[in-house]
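Here is a short briefing on one protein model.

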Amino acid sequence: MSSAFHRLLDAANARIEHGNNERAAGADDKARAIYDEAVRRGRGGPRQLAEELGVSEKTISQAIARARNAPSTSGRTLPPDTLERLLAAERETLPPLAALQWEALAWLVRGTIIDVLWIEQPGEILAQEVEDAELDEMVEPALLAEACRSFSRGQALAVIDACQCGNVAALPVKE
């Protein structure tokens with residue numbers, strides 16, 4: 001089997017793991033919300049919540065148990081959507097590129113394994129990917145690589161995120 005095939009499988013498995021981690025964190029958040037509301041309501045709160053939410057008291061009891069055993073978030077001070085808001089803010093500061101160039105970057109990113117090595121110099125590594133790819137001249141690969149090198153770390157990570165999520169429409173396009 002080819003190394004490209006293994007890289008694609010590794011990337012897919014990494015996305016699945018990320019999704020599973022997010023799902024578990026969301027379930028923990030939901031359990032904490034149920035627990036906090038049950039405590040706020042006091043005696044009979046779990047029963048009231050079960051009726052209000054249309055679930056069994058056992059489901060509420062399981063959520064409360066999960067909340068008690070869930071990892072603490074007390075060390076976190078940032079809102080849960082901080083990363084999404086940060087990436088959106090970084091996208092707003094990006095220089096506009098031609099739609100064809102954003103699409104080329106998206107194509108490259110989706111076929112590339114993005115790992116922790118990208119954190120240090122994501123713009124530079126993205127530029128190298130552009131230079132190594134056999135892109136159509138209409139994309140203007142040299143200018144695209146230059147643009148990637150000019151991205152700040154946050155901008156480059158915002159571009160990579162938009163490309164991975166299929167959200168290329170959120171990137172600024174030259175008129």
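The largest pocket has a volume of about 1,600 Å³. Of the 40 residues lining this pocket, His18, Glu22, Leu83, Glu84 and Asp161 are the closest to its centre. The model is predicted.

**Pocket lining**
- Helices H1 (3-41), H4 (82-92), H5 (99-110) and H8 (153-164) are the elements that each give two or more residues to the lining of the largest pocket.
- H1 gives the most, with 13 residues.
- By type, the lining divides into 19 nonpolar, nine polar and 12 charged residues.

**Salt bridges within H1**
- The count of salt bridges comes to nine.
- One of them joins the side chains of aspartate 29 and arginine 32, at 3.0 Å from N to O.
- Both residues of this pair lie in helix H1, three residues apart, or about one turn of the helix.
- Aspartate 29 is partly exposed, at 42% relative accessibility, whereas arginine 32 is buried, at 18%.
- Arginine 40 forms a salt bridge with glutamate 37, and their closest N and O atoms are 2.6 Å apart.
- Arginine 40 and glutamate 37 also sit in helix H1, three residues apart, about one turn of the helix.
- Arginine 40 counts as exposed because its relative accessibility is 60%, over the 50% cut-off.
- Glutamate 37 is partly exposed, with a relative accessible area of 21%.

**A bridge from H1 to H2**
- Arginine 41 and glutamate 52 meet through their side chains in a salt bridge of 2.6 Å, N to O.
- Arginine 41 is in helix H1 and glutamate 52 in helix H2 (residues 45-53), so this pair ties together parts that are 11 residues apart in sequence.
- Arginine 41 is partly exposed, with a relative accessible area of 24%; glutamate 52 is exposed, at 53%.

- A nonpolar surface patch is formed by Val116, Leu117 and Ile119, with about 320 Å² of accessible area together.
- Isoleucine 119 is in the loop between H5 and helix H6 (122-132).
- Isoleucine 119 is partly exposed, with a relative accessible area of 42%.
- Alanine 14 is found in helix H1 and is partly exposed, at 45% relative accessible area.
- Alanine 14 and isoleucine 114 are 100 residues apart in sequence, yet 9.6 Å apart in space, C-alpha to C-alpha.

Definitions and conventions. Residues numbered from 1 in each chain as written. Predicted model: local features only at pLDDT ≥ 70, side-chain atom pairs only at ≥ 80, totals over all residues. Heavy atoms only, no water. 1 Å grid on protein atoms, 1.4 Å probe; cavity = no way out; pocket = protein on both sides within 12 Å on 5 of 7 lines; lining within 4 Å. Points joined across faces, edges and corners; volume = space filled by probe spheres on them. Helix = DSSP H or I, 4+ residues; strand = E, 2+ residues; numbered from the N terminus. Nonpolar A, V, L, I, M, F, W, Y, C, P; charged D, E, K, R; others polar. Patch = residues over 30% accessible without salt bridge, like charges linked within 9 Å, V, L, I, M, F, W, Y side chains within 5 Å. Areas by Shrake-Rupley, 256 points an atom, 1.4 Å probe, with all protein chains shown as cover. Salt bridge = Lys/Arg side-chain N within 4 Å of Asp/Glu carboxyl O. Buried < 20%, exposed > 50% of the residue type's maximum accessible area, 1.4 Å probe, protein only.
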